[in-house]
Each structure stands twice: as structure tokens, then as C-alpha cells.
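Thanks for taking a look at this one with me. Please keep the sequence and the model side by side as you read.

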Amino acid sequence: MTVMKKVLSGTVKGGTTDALARELDMNMSTLLAMIDFLASAGYLEIAGLRCSCQASNLCENHCGSQGCSQTKMYALTMKGEQFLSCNDL
Amino acid sequence: MKLTIDQRWDLIDKIAKQTITFGEYRHTLKDAIGEFTVKPLTGIPIAIAVMYAFWSIFGSFAGFFTDGFFVRLFDAYWLPWLQEVFPGQGGWLYTIMVDAGGIEGGEFVLSDNCLESFGVLTSGLFVAIGVVLPAIVIFYLMLALLEDIGYMPRLAVLIDTMLHKIGLHGYAIVPTILSLGCNVPGVTATRILETKKQRFIMMTLLAIFIPCGAQIGIMQDVIPGLMGWILLYLIIGYFIFGYILNKIVPGKAPEFLIDVPPYRRPMLSNIAKKVWGRIAGFFKVAIPFVLLGAAIVGVLYQIGVIRFLGDALAPVFVGWFGVPKETAGPLIAAFLRKDLAVAQLSVIEMTEYQMITAVVLVSIYFPCVATFAMMLKEGWKELLGAMAVLAVVVFAYGGLIHLIGILLGVA
């Protein structure tokens with residue numbers, strides 16, 4: 001199985017990027033670069049870009065760029081699913 | 001030779017492994033805490049400890065200010081003063097605004113505390129300021145701390161597997177916890193969920209099973225010994241009906257790969273702004289509804305509607321739910337304010353188990369009108385669906401709780 005497929009399969013299982021990097025024995029920076037690429041190429045979608053004071057409409061007003069660290073969430077797209085199933089054949 | 005995308009990434013990974021050498025990474029305390037709070041083995045006990053501390057501080061703080069200060073202020077000074085200066089004692093306006101009182105030996109007797117007076121300016125103000133305000137301040141303060149430290153995303157990751165069983169994902173903990181403050185921002189926060197199915201399940205569960213801070217505050221004040229049982233019934237209902245909804249509602253509930261931010265030191269100014277913003281938002285919604293609710297309930301009592309409904313619904317209340325027919329009034333009041341309804345229930349004579357059933361019914365039977373309006377804003381189809389589920393849940397779960405009481409010999 002290729003690294004790209006392993007990362008996409010890891011996304012289907014869910015969990016954190018830290019855990020996935022450990023599981024695949026990858027450098028965290030390589031994994032994050034790969035995830036960025038997969039998102040820009042349409043295999044993954046960024047489902048949530050939220051600051052830690054989640055979902056509050058106060059967030060934008062009160063946290064600003066310095067106040068909130070961001071949590072990114074990635075989900076598999078249709079293209080990602082097709083890529084995985086093609087490689088299964 | 002031309003490489004495919006995945007072959008390129010394989011090559012990148014191989015080259016990276018062969019060429020990049022990392023020095024020994026030293027774990028900082030922050031990293032260790034980060035790992036401990038995400039791994040289930042250590043994270044779950046930590047989450048339980050955090051939640052226990054959360055509720056202990058909540059109960060102590062709210063109890064200290066309500067019982068130690070506001071009860072005295074309202075019962076010893078505000079109520080007697082209003083009873084004296086408000087004109088027309090015993091008249092309909094007096095009854096609605098100040099004190100519904102009671103009849104003893106054929107004579108009109110004034111109440112001696114704000115919880116039993118049921119006036120707009122007495123019970124209404126006492127519940128809003130004396131009970132809800134301390135509860136909401138401490139709740140939002142601690143929530144803001146947990147958010148700004150960065151604990152919430154970790155709690156979301158930790159609880160992710162469990163929430164997938166009910167068609168949601170870890171971040172559903174955010175609207176759930178927000179709803180424990182007030183259901184209105186909780187319903188708004190369901191927008192963070194990605195699919196229609198998830199938003200519908202979340203909104204329905206919030207409207208039915210999550211008591212708001214105002215209701216929790218008043219429960220803590222008037223029936224502290226029964227709160228654990230009531231919350232247990234609500235949590236069990238949340239998961240049972242979430243599981244059923246996940247099975248019957250069509251749609252997807254995808255998994256996510258989450259990149260969690262590091263822990264950080266909270267900024268006092270951010271916390272202060274957030275707490276202030278939330279409290280101000282809450283009071284803009286709560287104060288008018290508490291006062292309006294108290295007024296409407298007073299009028300309904302005066303014109304005999306509540307007595308009529310109580311009589312009409314008595315077979316259902318007594319036979320199916322196992323609670324006294326007098327609970328009809330508070331249940332109707334609960335549509336306007338659930339905190340007010342719990343205060344009304346606390347003065348009705350019934351057994352402990354009947355009280356647990358009645359308060360659970362107040363929680364699940366209908367969202368308060370502010371939440372109802374917010375749900376309508378999110379979509380009328382979703383609202384109708386949620387109401388249909390709610391009707392089934394009230395009868396099924398209310399009956400089940402009664403049945404459990406009968407089997408245990410306490411109903």
C-alpha cells in the first residue's frame with residue numbers, strides 16, 4: 001500500500017494527526033505537507049477550521065488572530081474515496 | 001519515467017527518511033499533558049476528574065451566592081417590601097406581579113419566600129438574578145477557561161468514538177456543553193457539524209435531553225439531593241435516543257482526522273470578553289422570557305386555564321407518567337421558562353421518585369420558547385422533525401421512567 005493510500009485510509013478511521021504519524025512511522029512535517037497537498041488536490045476536505053472556543057459567534061469578535069489556536073479537521077472527499085477504491089482493485 | 005502522485009509521495013517519504021536526521025526530541029511537560037489527555041487510558045479518568053471539578057466548583061459557587069446572599073436579599077428585604085408597597089393586595093394584578101399567596105382558614109395569606117410567591121417581580125426576578133446569574137457566571141467562566149487552555153479539542157478527540165455510535169463526532173461535545181449554559185447558543189453551535197443528519201440529531205438531542213444552566217442552577221438550589229438521578233436519566237436518554245436516531249435518520253456521519261492545537265496559557269482579557277459576551281447574550285434572552293413567562297403563567301392560573309388543563313390531562317399525568325396532576329401547571333410554564341417550572345414543582349407535594357420523574361419530564365417535554373425560536377431559524381422541516389421525535393420520546397421515556405419506578409417499588 002502506498003503512503004498516500006495509507007494516509008487516506010487513516011483519515012477514514014479517524015483520530016489525530018499525531019497518532020497517524022506514529023502509526024505510519026512518518027515525520028509529522030511530511031504528514032502535514034501531504035495532508036495539505038491531499039486537501040488542495042481534492043482528496044480531503046477541510047471540514048472544520050475552528051478556534052478552540054468552538055463555534056461561539058463570539059470567537060471572531062473576541063479571539064482575534066492571536067487569541068485562538070486552530071483545530072483542523074479533515075474528511076475524505078468523493079475523489080478520495082474513489083482513489084482508495086480504485087487502488088483496492 | 002513519469003511518476004504517479006502516490007508514487008511521488010512514496011519517494012518523498014523515502015527521501016525524507018534517508019536525508020533528514022532529527023535530534024533527540026525532548027518531551028516537554030506540555031507534550032506529556034497533551035498526550036495524557038488524549039489517550040483513552042489516561043484521558044478518560046482525567047476527563048472524569050475535570051468534569052467532577054467543573055460541577056463541584058459550579059455547585060459551590062452558585063450555592064454560595066444564591067443561598068448565602070440572594071436568598072436573604074430577596075426573602076428578607078425585597079419580598080416584604082414589595083408586599084407592603086404594591087397596591088391592591090389579593091387583587092389579580094397583585095397576584096400576578098407580587099404574590100399569588102395561599103388560602104389558610106379561608107383567609108388570604110402572603111408567601112414568606114420568593115420561590116413560592118410566583119409573582120413577576122418576586123419569583124421572576126429572584127430566579128433570573130438570584131439563581132440563574134451566579135450559575136451562569138461560573139459556568140461560562142469555567143467553560144471559557146477550558147476552551148482557552150485548549151482542553152476542549154482534546155475532550156472532543158477523546159469522546160469521538162462514543163459519539164460516533166449516535167451518529168455524531170467528537171466536536172458534538174461543544175454544542176452539548178454550550179447547551180448546559182443555554183440551549184440557544186447550543187442550537188446555533190450545531191452548525192459546526194458537517195452533515196444534515198448530524199445537525200438534526202444534535203439539535204433534537206439538545207432540545208430534549210440537555211437541561212440549561214438556569215434549570216441546573218435552580219435544581220441545585222431546590223432539589224440538590226435528586227440532581228444526580230435526574231442528570232443520569234437525561235444522559236442515558238441522550239445516548240439511547242441518539243443511537244435510535246442514528247439508525248433511522250438517513251445520511252452520513254463521516255470520520256475525521258483531527259490536527260489538535262497545543263495547550264497554551266489562557267489570556268485573561270479573552271476570557272473576560274467571552275464570559276461577559278455570553279452572559280450579556282444570555283440575559284438578553286433570559287430576563288424577558290423569565291418575566292414574561294411568570295406573567296403569562298400567572299394570568300393562565302388566574303383565568304383557570306391551568307386548572308382546566310390539569311384536569312384534562314390528569315389521566316395521562318397520573319396513569320402514564322405517575323406524577324400528580326398538579327404538575328400540569330409547571331409543565332405548561334416550562335414552555336416559557338424551565339427554571340421557573342422546576343421552582344413551581346418544588347412546592348408541590350410528591351414523593352422523591354415522582355419529583356425525579358416530573359423534573360425529567362420538564363426537561364424533555366418541550367424546549368423553552370427561546371430555543372424553539374432558534375430551532376425554527378435553523379429550518380422549519382428540522383423543527384417539525386425534532387418535535388415529532390420529541391412527542392414520541394416524552395411518552396416513551398416518561399412511561400419507561402414510571403415503569404422503572406414501579407419495578408423498583410418506589411413509584
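1. First, some ground rules. This is a predicted model, in which local features need pLDDT of at least 70 and side-chain atom pairs count only at pLDDT 80 or more, while totals for chains, interfaces and linings use all residues. Residues are numbered from 1 along each chain as its sequence is written, and chains are lettered from A and ligands numbered from 1 in the order in which they are written.

2. Let's begin with chain A. It has six helices and three strands, where helices (H or I, at least four residues) and strands (E, at least two) are DSSP runs numbered from the N terminus. Starting at the N terminus, the elements of chain A follow the order α-β-α-α-β-α-α-β-α. Of the 89 residues in chain A, 45% are buried; a residue is buried if 20 or more other C-beta atoms lie within 10 Å of its own, exposed if 12 or fewer, and partly exposed in between, with C-beta atoms placed from the backbone. Among the contacts in chain A with a separation of 6 or more, 55% come from residues 24 or more positions apart. Two residues are in contact if their C-beta atoms, placed from the backbone, lie within 7 Å.

3. Chain B comes next, with 19 helices and three strands. The C-alpha trace of chain B spans about 100 × 45 × 40 Å along its principal axes. Buried residues account for 45% of the 411 residues in chain B. For contacts in chain B between residues at least 6 apart in sequence, 73% join residues at least 24 apart.

4. How many residues of chain A are in contact with chain B? There are 38 of them, and they touch 41 residues of chain B. On the chain A side, α1 (3-13), β1 (15-16), α2 (17-24), α3 (28-40), β2 (44-51), α4 (58-62) and β3 (70-76) each supply at least two residues. That side of chain A has 15 nonpolar, 19 polar and four charged residues; here Ala, Val, Leu, Ile, Met, Phe, Trp, Tyr, Cys and Pro count as nonpolar, Asp, Glu, Lys and Arg as charged, and the others, Gly among them, as polar.

5. Do look at the strands that link the chains. β1(A) and strand β3 (residues 257-259) of chain B run parallel and are joined by two bridges; strands pair if DSSP finds at least two bridges between them. A:Gly15 has B:Leu257 in β3(B) as its bridge partner.

6. Within chain B, helix α16 (residues 338-345) and helix α17 (residues 352-365) have axes that come within 10 Å and cross at roughly 165 degrees. α16(B) is therefore roughly antiparallel to α17(B), a label for angles over 145 degrees. From α16(B), B:Lys338, B:Ala341, B:Val342 and B:Leu345 meet B:Met355, B:Ala358, B:Val359, B:Val362 and B:Ser363 of α17(B). The residues of this contact comprise seven nonpolar, one polar and one charged.

7. Finally, two backbone angles deserve a glance. A:Asp25, in the loop between α2 and α3 of chain A, has a positive phi of about 55 degrees although it is not a glycine. A:Asp25 counts as exposed because it has 8 C-beta neighbours inside 10 Å. B:Phe118, also not a glycine, has a positive phi near 60 degrees and sits in the loop between α5 (114-117) and α6 (120-149) of chain B. B:Phe118 is buried, with 26 other C-beta atoms within 10 Å.

Note on methods:
Axes fitted to C-alpha atoms, helices over the stretch in contact; angles between N-to-C directions. Parallel < 35°, antiparallel > 145°, perpendicular 65-115°, else oblique.
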